[in-house]
Amino acid sequence: MTKLIAFTPVKNQIFSPDQIWSVAVVAPISEVADITNQIYKQHFIMEVAIVAVVCLFGFLVTLYQQKISWALQQRVDHQEKHLSNILDYSVDGVLFIDNDNKIQIWNKGAEAIFGYSAQEMIGNTFHRLIPPELDADFELEQICEEVRTKGFIKNEPAQRVTKSGDRITTDISRTQVNSKNMEPIGSTVIIRDVTEKVKMDQNIYNTEKLASIGILAAGVAHEINNPLAIILGFTDLLLEKFEPDSAEY
């Protein structure tokens, strides 16, 4: 039988200090090998279990993160779609213009106001919408300068021409858009057709003028009616003093 022997020195006052005593532990190699293999197996099983738990935990964490990311992405997509629908189907014209005054976004509200489709307007400027008798370059430069100075313009009245050639009155609000570095990248424009409102305001103004004239006429008539009533009264009294066939009558 092959054995393993392990020696260790022993120091004790009982033994002679001039001699070295040792304790020997003897065990067959087969038993040591069996115990060692059992320890290796236990360590291996523990390591496999730990690795499996870590992998499972990592998988669950990854799955949870993917689920959260998917939910957040769905929410973002839903909000973007909702916002896009709001902007696209707004009754007012909603536009985005780059630094070269070229239209990059043209919603359905703008299509309804001017009659031009997005394909016809994207990449172009406002020149075709400005009446020919106006200086389009001068007007656009004025608007751009005010936006650069103040950062926005609000309810700026302007005459515009539709695709069919009709003249309309619009209110234009324009706001500068900056990048994260606070550099201008363009501007958003909201256009509202106020032609009917302007006509209504003009009709109300004309009605108020006519009403003022009517009040004035009524006052004048009242002032004239008083002396006329007195004259008519005296005339009736005089008629009673003369014969109907006389010259005085």
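**Reading the contacts**

Tutor: Glu120 is partly exposed, since its relative accessibility is 28%. Please keep in mind that this is a predicted model.

Student: Which side chain does Glu120 meet in a salt bridge?

Tutor: In general, side chains of opposite charge can pair when their charged atoms come close. Here Glu120 meets Lys163, with 2.9 Å from N to O. The pair links distant parts of the chain, 43 residues apart: Glu120 lies in helix α3, and Lys163 in the loop between β5 and β6. Lys163 is partly exposed as well, at 46% relative accessibility.

Student: How many salt bridges does the whole structure have?

Tutor: The search finds eight. One of them joins Glu145 and Arg148 at 2.9 Å. These two residues are separated by about one helical turn because they stand three residues apart in helix α4. Another salt bridge joins Lys150 and Glu146 at 3.6 Å. Salt bridges with shared partners also connect Glu141, Glu145 and Arg148 into one network.

Student: How many disulfides are counted?

Tutor: A disulfide is a covalent bond between the sulfur atoms of two cysteines. The count here is zero. As for individual cysteines, Cys144 is buried at 8% relative accessible area, whereas Cys55 is partly exposed at 48%.

Student: How do strands β3 and β4 run?

Tutor: They run antiparallel and are joined by three bridges. Phe96 stands opposite Ile105 in β4. The two strands form a hairpin with five residues between them, and Asn101 in the turn has a positive phi of about 65°.

Definitions and conventions:
Residues are numbered from 1 along each chain as its sequence is written. This is a predicted model: local features need pLDDT of at least 70, side-chain atom pairs count only at pLDDT 80 or more; totals for chains, interfaces and linings use all residues. Side-chain values use heavy atoms; hydrogens and water are left out. A disulfide is a pair of cysteine sulfur atoms within 2.5 Å. Buried means under 20% relative accessible area, exposed over 50%, partly exposed in between (1.4 Å probe, protein chains only). Two strands pair if DSSP finds at least two bridges between them. Helices (H or I, at least four residues) and strands (E, at least two) are DSSP runs, numbered from the N terminus. A salt bridge is a side-chain nitrogen of Lys or Arg within 4 Å of a carboxyl oxygen of Asp or Glu.
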